[in-house]
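Thanks for coming. I will go through one structure, a few residues at a time, and please keep the picture in view while I talk.

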Amino acid sequence: MLAKFFKLSENNTTVKKEVLAGLTTFSTMAYILAVNPSILSSTGMDFHALITATALAAAIGTLVMALYARLPIGVAPGMGLNAFFAYTIVAGMGYSWQFALTAVFLEGLIFILLSMFRIREAIINSIPENLKHAISVGIGLLIALIGMANAGIIETGMRHVGEGKLGGVILKMGNITSIGPLIALIGLIVSAVLMYRKVNAALLIGILAATVIGIPLGITHLPEGHLVSLPPSLAPIAFKLQFDKIFSLDMVMILFTLLMVNLFDTVGTLIGLCNKAGLLDEKGRLPRAKQALMADAVGTTAAGLLGTSVVTAYVESASGIAAGGKTGLTAFTVAIMFLLALFFAPVFAMIPQAATAPALIIVGMLMMGSVVKIDFNDVTEAIPAFLAIVMMPYTYSIAEGIVFGMLSYVLLKVLTGQYKQISPVMYVLACLFIITFLVK
């Protein structure tokens, strides 16, 4: 039944391969179960209830991706968007977390409408071929950066030099002989050797090996007390929407910011991951784009009701794709794991970030392969692609990379008389990007 529903034979894959890919993706996403509640609880929200809300929102969004879009991509509350929720809307603007949840809920409804009328799909199809390849490469660099930073292989070199001033370098090598980097490098070597030997679960085995090695070294902490428990109640945060200020100018600006950031985070992630998985059609278009975009729209709407921040497609899904995931069965496995995590949270929480870093580094390397498909002979194609690539890791944002790439593409094509190559959708997007910069 699974093979028929997810069309495993047509995609040249198996149940075993898809499940292992799902486990790999989940292991690289599981950190959000701890990180998201940590960030959002700074607003006064209940930490334990946030664990349940995070897991349920991720499971709902990923199930839609699995059963409706049938793509191997996990969905969960997005990093950056949760920081905007906590530190901008609540801490910065002074609104309640209930007001912020209302903004999340409204954004989800708007995204559902945009997805139903294929507006978001039109945006994806309007992106030029070279930029699509560049997005894959940029995401690869960003993923590798995240992995190395998580493991402590690289760290910030900025330091206070007096009178509030900063000095030093932006990034530098971390203490490579400390436990975190060593564990990550061991996992990296294990995974690389297994990949060379064509072992399908190479990335997952590397993560597990690094986790086990970390036990005697003190970086993997075994769970204390019960390994299984009932999920914390959602009552303190669920269905706590506040509609009395939804027509304010602040709400308009908040919604616009959430829409723009989440839109291009998701679009960039879907293009990059599906390109890597070989799922784009001969014209470079995303299959079942409407269904895929509906996943984060439904997930975000549910997130607002459950009590957590905006959900988005996760770049960490690239680890499962690299492990062989090609269909919705991979995402289905991820969704099931998020539901199980509600009862086995202590077990999943024991995997240290240093253990998942090797998977992210290897995935970054694999996604770099798309760089050979970019036309660097035409400067009006090369510069936008280059900017899209480098601005993702430099700004720590997929959305910012897409903005720089698409804006420079439109400007260069217009200024060189090649304006006919630009679609109407691209012109509209360029105007929206400029408005976004002015608003910031």
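Helices and strands here are DSSP runs, numbered from the N terminus: helices are H or I with at least four residues, and strands are E with at least two. The model is predicted, so to say: local features need pLDDT of at least 70, side-chain atom pairs count only at pLDDT 80 or more, and totals for chains, interfaces and linings use all residues. Residues are numbered from 1 along each chain as its sequence is written, and side-chain values use heavy atoms, with hydrogens and water left out.

Let me begin with helix α6, residues 97-116. Next, cover. Buried means under 20% relative accessible area, exposed means over 50%, and partly exposed is in between, using a 1.4 Å probe and protein chains only. In α6, 14 of the 20 residues are buried, so the helix is mostly covered. Just after α6, R118 has a positive phi of about 60°.

Now to N36, in helix α3, residues 32-40. Is N36 buried or exposed? With 0% relative accessibility, N36 counts as buried. Contact means heavy atoms within 4.5 Å. Leaving aside residues up to four places away in sequence, N36 touches T54, P77, N82, T308 and S309. With S309 there is also a polar contact between side chains, at 3.5 Å. A polar contact is a pair of N or O atoms within 3.5 Å; within protein, one must be able to donate a hydrogen and the other to accept it, and residues adjacent in sequence count only if both atoms are side-chain atoms.

For contrast, take N377, in the loop between α16 (353-367) and α17 (379-395). N377 has 78% relative accessibility and therefore counts as exposed.

Next, salt bridges. A salt bridge is a side-chain nitrogen of Lys or Arg within 4 Å of a carboxyl oxygen of Asp or Glu. How many does a search of the whole structure find? It finds 3 salt bridges.

One of them joins E155 and K172, with the closest N and O atoms 3.9 Å apart. E155 sits in strand β2 (residues 154-162) and K172 in strand β3 (residues 165-173), 17 residues apart. E155 is partly exposed at 35% relative accessibility, and K172 is partly exposed at 41%.

K413 also pairs with D378, at 3.9 Å from N to O. K413 is in helix α18 (residues 398-415) and D378 is in the loop between α16 and α17, so this pair ties together parts that are 35 residues apart in sequence. D378 is partly exposed, at 26% relative accessible area, whereas K413 is buried, at 0%.

K413 forms a salt bridge with E381 too, and here the closest N and O atoms are 3.1 Å apart. E381 lies in helix α17, so this pair ties together parts that are 32 residues apart in sequence. E381 is buried, with a relative accessible area of 11%. Through shared partners, the salt bridges join D378, E381 and K413 into one network.

That is the end of the tour; questions are welcome.
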